[in-house]
Amino acid sequence: LFIAISNMSLPVHAEDDNISIGKKIKYSYTGYNPDGSVIDAYGDHVAKIFVNGEIAFCVQPQEKLKIDANFTRSNYTHVQRRKMEHIAYVGWHMVKNKTDDDYAATQFMIWEAMGFKFTSNSFDGYEAKKAEIIERLNQFNKLPSFDKTSLTLKAGESKTITDQNKVFENYSFTSRSDGLTVKKSGNS
């Protein structure tokens, strides 16, 4: 079974959502489940999965996606689900110029976060991509250096604060203060 890592209301029948398979990325893999089960997973490709036009990721590497199947909610803990969501976010959604390798590396890392153990995979650049995703995960969890800092301004005064941790550029904000203008540029 395949499922998008999201807060979709499940069980879902494929007719209720538009589930489709995109490009098949030619990386093969073998591995086993962490529970000691003898079920080996084998795939000759990693297929991009879409649910209602949005990228999704597989959470059962040993099963082939069946478009007309019924899907049920997985039993992952909140911590496991958040870890997989963070990998999906920084491995795919946060990447500006996405590639097939970004999708495959994100998928493989999600499987590893679930406890799947690879015995082989043909993705030669996986370790490098995995290191990039881990670095983005580390940055994702880091707060701007000015977090919890107070600023006092006089009427008409302007101040610029710069994030020394260089993560503020990844934040978005909405300014809703009367008489105060807030602008963001990069890490300032």
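The structure is a predicted model, in which local features need pLDDT of at least 70, side-chain atom pairs count only at pLDDT 80 or more, and totals for chains, interfaces and linings use all residues. Residues are numbered from 1 along each chain as its sequence is written, and side-chain values use heavy atoms, with hydrogens and water left out.

The protein chain holds 3 helices and 8 strands. Helices (H or I, at least four residues) and strands (E, at least two) are DSSP runs, numbered from the N terminus. In sequence order, the pattern is β-β-β-β-β-β-β-α-α-β-α. The chain has 188 residues, and 36% of them are buried. Buried means under 20% relative accessible area, exposed means over 50%, and partly exposed lies in between (1.4 Å probe, protein chains only).

Ala47 belongs to strand E5. Ala47 is buried, at a relative accessible area of 18%. Between Ala47 and Tyr103 there are 9.1 Å from C-alpha to C-alpha, and the two are 56 residues apart in sequence. Ser122 sits in the loop between strand E8 (117–121) and H3. Its relative accessibility is 32%, so Ser122 counts as partly exposed. The C-alpha atoms of Ser122 and Tyr29 are 6.4 Å apart, although 93 residues separate the two along the chain.

Salt bridges were searched next. A salt bridge is a side-chain nitrogen of Lys or Arg within 4 Å of a carboxyl oxygen of Asp or Glu. The whole structure contains 7 of them. One of these joins Lys23 and Asp100, with 2.4 Å between the closest N and O atoms. Lys23 is in strand E2 (residues 19–25) and Asp100 is in helix H2 (residues 100–113), so this pair ties together parts that are 77 residues apart in sequence.

Another salt bridge links Glu85 and Arg82, at 3.2 Å from N to O. Both residues lie in helix H1 (residues 78–93); they are 3 residues apart, so about one helical turn separates them. Glu85 is buried, with a relative accessible area of 17%. Arg82 is partly exposed, at 40% relative accessibility.

Helix H3 holds a further pair. Lys129 and Glu132 are 3 residues apart in helix H3, about one turn of the helix. Their side chains form a salt bridge of 3.6 Å, N to O. Lys129 is buried, with a relative accessible area of 18%. Glu132 is partly exposed, at 36%.

Rolling a probe the size of a water molecule over the atoms shows where empty space is left. On a 1 Å grid over the protein atoms alone, a pocket is an open set of points with protein on both sides within 12 Å along at least five of seven lines, where a 1.4 Å probe fits; lining residues have an atom within 4 Å of a point. Grid points are joined across faces, edges and corners, and a volume is the space filled by probe spheres set on the points. The largest pocket has a volume of about 610 Å³. It is lined by 20 residues, and the closest to its centre are Leu151, Lys159, Thr181, Val182 and Lys183. The lining comprises 8 nonpolar, 7 polar and 5 charged residues. Here Ala, Val, Leu, Ile, Met, Phe, Trp, Tyr, Cys and Pro count as nonpolar, Asp, Glu, Lys and Arg as charged, and the others, Gly among them, as polar.

Val182 also belongs to a surface feature. Leu153, Phe173, Leu180 and Val182 make up a nonpolar patch with about 320 Å² of accessible area together. Such a patch is made of residues with over 30% relative accessible area and no salt bridge, with nonpolar side chains (Val, Leu, Ile, Met, Phe, Trp, Tyr) joined within 5 Å and like charges within 9 Å. Accessible areas come from the Shrake-Rupley method with a 1.4 Å probe; for residues, only the protein chains shown count as cover. Val182 lies in the segment after helix H3 (126–140). Val182 is partly exposed, at 42% relative accessibility.

Backbone angles close the account. Most residues other than glycine have a negative phi. Asn52 has a positive phi, near 50°. Asn52 lies in the loop between strand E5 (46–51) and strand E6 (54–56), and is partly exposed at 46%. Lys148 has a positive phi too, near 65°. Lys148 is in the segment after H3, and is exposed at 80% relative accessibility.
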